[in-house]
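Open the model in your viewer and keep the sequence beside it. This tour goes from one selection to the next.

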Amino acid sequence: AASLDGPFATLVVDTDSGSVTALTDRMGFVPLYCAAPAEDAGAVLVGSHVDAVAIAAGRHRDIDPVSAADFAVHSTITYPRTLYQGVEQLPPASERRWVAGRRDGSDRTYWWPLEQPPTPYLGRAARVLREAFREAVRHGCEGTDHVGLLLSGGEDSRSVLGAIGREVRVDALIYGDWENREFRIARRVSAIYGARLHFGQRTPQHYLDYEAVAPLLGTQHRYTDVHGYGLHLSLALGELPIVFGGYLAD
């Protein structure tokens, strides 16, 4: 895990010992699910798509009513449960090991979101946070003189824009249904910092057109970030070497 960063999911298969180890990323951006097949309690299935794991385990009809209600009301399901009984989500930043289909010991957590060293002084903590934040942005810009930034006009994205060196060319990106107040603020911010603003306008059918790709995410993730789907093509995000989000963005 020391050499891995960002979104990932890793399986390590040791054929000599008959063991399988699953490693999840720090934030659970690529979730992993596991289940014991309904007809073979001595086996284990692991995958990154909750529906595929449920189908392979023969549990796709075993809907958990509490989780279904949780999802309908809150658009999320309380970890580690899933929409299916007998299908569990693995914890983030952790290692889980199975031997011959049976779980081997407890999960090993390799990272905790601890504040080290703790400080009782708010001003000192703010300065440390500011320098760490600026260093992270500087590191993201290394090796390129051109970056993209999702600029909503809010405080978070303005903070990122202000931390990018003036020698770096910034293509600011915003999308919406029309040129609303948020867009007008982003336009003013872009002008102040010398960034080029690009507007991606959603069509009236935007939330209907994404349905074909929803199964790629999994049933209990169908709502995730659909407000921007498709605009990665119209705004050509794939042609940029890096695209920053807001300060607290994923």
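The stops below cover backbone geometry first, then side-chain contacts.

This is a predicted model, where local features need pLDDT of at least 70, side-chain atom pairs count only at pLDDT 80 or more, and totals for chains, interfaces and linings use all residues. Residues are numbered from 1 along each chain as its sequence is written, and side-chain values use heavy atoms, with hydrogens and water left out.

Select serine 75. It sits in the loop between α2 and β5; helices (H or I, at least four residues) and strands (E, at least two) are DSSP runs, numbered from the N terminus. Serine 75 is not a glycine, yet its phi is positive, about 60 degrees. Its relative accessibility is 35%, so serine 75 counts as partly exposed (buried is under 20% relative accessible area, exposed over 50%, partly exposed in between; 1.4 Å probe, protein chains only).

Stay in that loop, between α2 (65-74) and β5 (87-89), and pick proline 80.

Next, go to alanine 93, in the loop between β5 and β6 (94-99). Phi is positive here too, near 50 degrees. Alanine 93 is buried, at 2% relative accessible area.

Now show side chains. Select arginine 26 and tryptophan 111. The charged end of arginine 26 sits over the ring of tryptophan 111, 5.2 Å from its centre (the rule: NZ of Lys or CZ of Arg within 6 Å of the ring centre and within 35 degrees of the ring normal).
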